[in-house]
Amino acid sequence: MSKIGICVKNLTSGGAEKQAILLANALVARHDVTFIILNADKVSDKYFDMLLPQVKVEKYSGDRKQRLEQYRRYVKTAAPDIIFSYLTAANYYTVRAARGTSTKVVTGLRNSRLPLTKHVADALLNRFGAAASVCNCESGRRHFGRTGFRSSRIVMIPNCLDPIDAYAERPVRDTVNVITVGRFVEQKDYPTAIKAFALAARTAPRLRFTIIGYGELEDTVRRLVEEEGIADRTRILINSDRIAAELRDADIYISSSIFEGTSNSIMEAMNADMPVIATKVGDNELLVKDGENGFITAAGDYGRMAQHIAALAADPALRRDMGRRSKEILESGYNKEIFAERYNDLITKILNR
C-alpha cells in the first residue's frame, strides 16, 4: 500500500477541487490517502463532507510561510510516496514542500490554456520539480507540450463523474428549459449564451432560461439579460446548492466557454440525460459528439447556437435520444473505475522508475 497525498490550496466550490475529492475517494481502496488543504480558512462543508471517512485530512493555518512550514513538516514526517497537487499555487507549494525528500510530486494542469504567468510557473515546476504533470484534456496536453513543458512528463487523464445515475427519460412539459452552469468569468463567455437564448426565444416562446453561477461578472450577466429582453423568462441563481436538481428539471444544456479542459459542468449535464450544445474548445468534442448527443459550435457563434436551441426545443424525441446518448458516452469513458485505473497505472509507473 502506497502513501498518497492529494493537495489543494482551498476546498471551496470548483471543478478542480471536486476532482481532487473524487481522486482521493477513488484511490483510498488501494492506498493510504491523505487530503491536504493548504488554507484551512477556505473550506466548504459541502465539499469536505464528500470525502470518504477512510481519507485522512491535513489542514494548515497561518500566513504563507507558516503554512509552507507545516506542509514541509508533514512531508518529512509522513513521507508520502507521491503527492498529486491541483492548480498552480498548490503545485508550487507541493514542489517546495517536497524538495530534498524522496516524495514524488505530480502537478496538475486543469485546463487547455493558462494565463501567461501561471503557464510560465507551471512549466518551470513541470521541468524542474515534478515527476509528472497530469493534464485533464488532450487539447491541453498537446498545447503544453509545445509551449515550454516537457511533453514526456505530461500525462493525460480525463476528469471523472461519480456517481453516474441510471438513465431516466424526461416527461414532455409545457415549457422547454435551457440551462447553463459556470463561474461568472470571461472564460465562460456568458454574452454568447445569453444572446443565443434570446435569439432562439424569438421563435420559441415556450423557452425558459436558468443561469447558475457566481463571480466577478455577476452584474454584467444581469445587465445583459435585461438588455436582451429576456428577464421575464430567465432565472439567475447564485452559487446554488441545488445544481443537480436544476439540471434534472432542465431540457437543454449550453456551454459557451472560450476555453475548457474536460468540462465538469458538461459531464454533470450529460449525467442528467440532456443534449448539450457546446463550443469547439478544450475536449468538448470528446464529450459532445456533434449530431449524436448534442451539437458543437464555434466559440462566439451565438447564431448557430440559437439555431440548435430552437431545433431541440421543437423536437422532444431528438432531445430524448440525444440525452440517452449523453449517458452512454459518460458511462463508457468517464466512470470512477476507469479514472482510478488510470491513476493507479501512473502511480505504478512513477514508483517503479
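This is a predicted model: local features need pLDDT of at least 70, side-chain atom pairs count only at pLDDT 80 or more; totals for chains, interfaces and linings use all residues.
1. Seven strands make up an open sheet with parallel pairing, and their order is β3-β2-β1-β4-β5-β6-β7. At the edges sit β3 (56-59) and β7 (154-156), each of which pairs on one side only. From one strand to the next, the twist averages 25 degrees.

2. Within that sheet, have a look at β1 (residues 3-8) and β2 (residues 32-37). These two strands run parallel and are joined by six bridges.

3. Helix α3 (residues 64-78) lies across β1, β2, β3 and β4 (82-85), and its direction is at about 170 degrees to β2. Helix α6 (residues 138-146) lies across β5 (104-109), β6 (132-135) and β7, running at about 165 degrees to β7.

4. Next comes a helix pair. Helix α10 (residues 264-271) and helix α13 (residues 316-333) have axes that come within 8 Å and cross at roughly 120 degrees. The two helices are therefore oblique to each other, an angle of 65 to 115 being what counts as roughly perpendicular and one over 145 as roughly antiparallel. The crossing of α10 past α13 is left-handed.

5. Which residues make this contact? From α10 they are Met267, Met270 and Asn271, and from α13 they are Ser326, Lys327, Ile329 and Leu330. Sorted by class, the contact of α10 with α13 has four nonpolar residues, two polar and one charged.

Methods:
Residues are numbered from 1 along each chain as its sequence is written. Side-chain values use heavy atoms; hydrogens and water are left out. Axes are lines fitted to C-alpha atoms, for helices over the stretch in contact, and angles run from 0 to 180 degrees between N-to-C directions. Helices (H or I, at least four residues) and strands (E, at least two) are DSSP runs, numbered from the N terminus. Angles under 35 degrees count as roughly parallel, over 145 as roughly antiparallel, 65 to 115 as roughly perpendicular and the rest as oblique. A crossing is left-handed if the near helix is turned anticlockwise from the far one by less than a right angle, and right-handed if clockwise. Contact means heavy atoms within 4.5 Å. Ala, Val, Leu, Ile, Met, Phe, Trp, Tyr, Cys and Pro count as nonpolar, Asp, Glu, Lys and Arg as charged, and the others, Gly among them, as polar. Two strands pair if DSSP finds at least two bridges between them.
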